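Please examine the sequence and the structure together before reading on.

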Amino acid sequence: SLHVTGVQTCALPIWASPVSPRIVLGHVGGPAAHYVRRGLFLSCGKILGLTGGARRLVVVAGAVLGSSRVISLGKKMVRGGIVAVGLIRYERVTLVSKMDSTLSYITDQLKALTSIASPTGYTRAATDYLMETLRDMGFGPERSNKGNVLVELGGEGEPLVLASHVDTLGAMVRSIKDNGRLRPTTLGGHQWSTADGENCTVYTRDGNVYTGVVLNTEPSAHVADEPVKTIEKNMEILLDENVDSKDDVLELGVQTGDIIAMDPRTTVTESGYIKSRFLDDKLSASILLGLARAVADGEVTLSRKVSLLFTVYEEVGHGGAFVPADTREMISVDMGCVGDDLGCTERMVSICAKDSGGPYNYDLVTTLSNIARELELDYAIDVYPHYGSDVEATLSAGYDIRHGLIGPGVYASHNYERSH
């Protein structure tokens with residue numbers, strides 16, 4: 001039922017579907033349209049229009065002169081005219097685009113990482129997962145005494161480190177109350193107002209795991225005379241166990257210093273929105289794993305030495321305090337802020353010019369923004385008033401490097417977060 005017009009014979013396979021939502025990639029202001037406008041197609045490249053009422057998708061096939069880029073997929077048709085085409089980089093045309101495969105991989109990695117509890121100080125399971133995943137790709141990751149994971153992806157010259165963190169906000173058992181409830185103390189910049197009513201899990205030093213719920217000391221609307229402020233001293237953990245006293249809790253093996261992890265509640269909508277706790281910074285960690293896979297599969301060729309650093313103490317300020325001695329530039333790949341008077345949205349990449357630690361390297365910020373503008377990517381340069389990153393810990397440790405901070409736009413940071 002699908003009719004294609006304007007076909008020109010060429011060596012590239014052509015495939016079109018008017019219904020698949022998985023391969024919608026570009027927009028009229030994107031880089032693919034830029035290549036079309038500049039006429040950089042080989043002679044076999046041809047934009048294919050769809051007739052017979054198909055409006056959702058249009059296929060574009062053709063190599064770009066002087067590169068391994070292939071114009072692959074368009075977005076939709078409006079009354080016979082193309083409004084968008086997508087650009088991806090790979091060596092052969094396949095039915096499902098490489099970009100779509102990478103995005104699916106990143107999403108899968110995000111779900112895997114958020115399912116692993118890793119509050120600051122309790123990150124071994126998360127780094128075990130990173131080590132195994134990177135080894136499966138053929139790399140040789142190393143874990144430091146501190147717990148950070150470092151992996152060299154390849155390339156030569158001008159060493160660059162891209163850093164994300166897999167430690168998250170969380171809590172620790174401060175004490176056990178006489179009524180069998182747990183008094184928590186925060187790990188990282190946790191906002192208790194966002195956790196009131198959240199399910200949680202308690203991990204003991206004996207390896208026992210118990211579920212529970214975070215509540216304020218008087219959460220019942222039909223009982224409380226006045227609302228209780230959701231601050232740390234008014235919060236407690238109710239274990240899902242039959243406990244009514246401190247001794248009951250001690251018999252379970254729960255003690256001071258045990259870890260409390262909030263449920264991430266990760267979900268990805270059909271429209272592409274990602275909702276979860278701990279997108280800061282497991283979303284960026286997943287993106288870096290996607291980059292590693294692309295390098296391993298030969299989809300990305302590195303023009304300089306690139307290493308990935310996954311840190312485990314970012315939320316308390318010293319995650320990036322040690323990096324390879326030859327590092328010339330380091331970019332923290334962390335969440336981009338979305339909020340009042342900031343330009344970034346959840347559908348953009350954020351380039352930070354300044355945060356609470358001061359300005360980022362001016363020349364590097366300029367380079368990053370020039371790249372984004374040249375490739376016609378959606379981005380914003382913003383100032384984060386209450387923020388600190390791993391690379392600032394690196395500078396504080398005395399390293400002579402150029403430093404930057406980028407990340408996917410994340411709304412409601414340190415809350416139940418949302419990105420795209």
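How many helices and strands are there in the chain? The chain holds seven helices and 27 strands, where helices (H or I, at least four residues) and strands (E, at least two) are DSSP runs numbered from the N terminus. The model is predicted: local features need pLDDT of at least 70 and side-chain atom pairs count only at pLDDT 80 or more, whereas totals for chains, interfaces and linings use all residues. Residues are numbered from 1 along each chain as its sequence is written, and side-chain values use heavy atoms, with hydrogens and water left out.

**Chain overview**
- Of the 420 residues in the chain, 48% are buried; buried means under 20% relative accessible area, exposed over 50%, and partly exposed in between (1.4 Å probe, protein chains only).
- Among contacts between residues at least 6 apart in sequence, 69% join residues at least 24 apart, a contact being heavy atoms within 4.5 Å.

- Strand β11 (residues 160-165) is largely enclosed by the rest of the structure, because six of its six residues are buried.
- L160, L162 and S164 point one way from β11, while V161, A163 and H165 point the other way, and all are buried.
- In a regular strand, side chains alternate between the two faces of the sheet.
- β11 pairs in the parallel sense with strand β20 (residues 306-311) over six bridges; two strands pair if DSSP finds at least two bridges between them.
- V161 has S307 as its bridge partner in β20.
- β11 also runs parallel to strand β21 (residues 329-333), to which four bridges join it, and A163 stands opposite S332 in β21.
- Five of the five residues of β21 are buried, so β21 is largely enclosed by the rest of the structure.
- The buried residues of β21 are E329, I331 and V333 on one side and M330 and S332 on the other, so that both faces are covered.
- β21 pairs in the parallel sense with β26 over five bridges, with S332 opposite L405 in β26.

**Second largest pocket**
- The second largest pocket has a volume of about 470 Å³; grid points are joined across faces, edges and corners, and a volume is the space filled by probe spheres set on the points.
- On a 1 Å grid over the protein atoms alone, a pocket is an open set with protein on both sides within 12 Å along at least five of seven lines, and lining residues have an atom within 4 Å of a point.
- The lining comprises 23 residues, of which M335, C337, H386, Y387 and S413 lie nearest the centre of the pocket.
- The elements that give two or more residues to this lining are β22 (336-338) and β26 (402-411).

**Helix α3**
- Helix α3 (residues 124-136) has 13 residues and reaches 18 Å from its first C-alpha to its last, close to the 18 Å expected at 1.5 Å a residue; the expected span is 1.5 Å times one less than the number of residues.
- A126, T127, L130, M131, T133 and L134 are the buried residues of α3.

**Residue T201**
- T201 lies in strand β14 (residues 199-203) and is buried, with a relative accessible area of 14%.
- Not counting residues up to four places away in sequence, T201 touches V209, Y210, T211, I259, I260, A261 and D263.

Technical notes: On a 1 Å grid over the protein atoms alone, a cavity is a set of points where a 1.4 Å probe fits but cannot get out, and a pocket is an open set with protein on both sides within 12 Å along at least five of seven lines; lining residues have an atom within 4 Å of a point.
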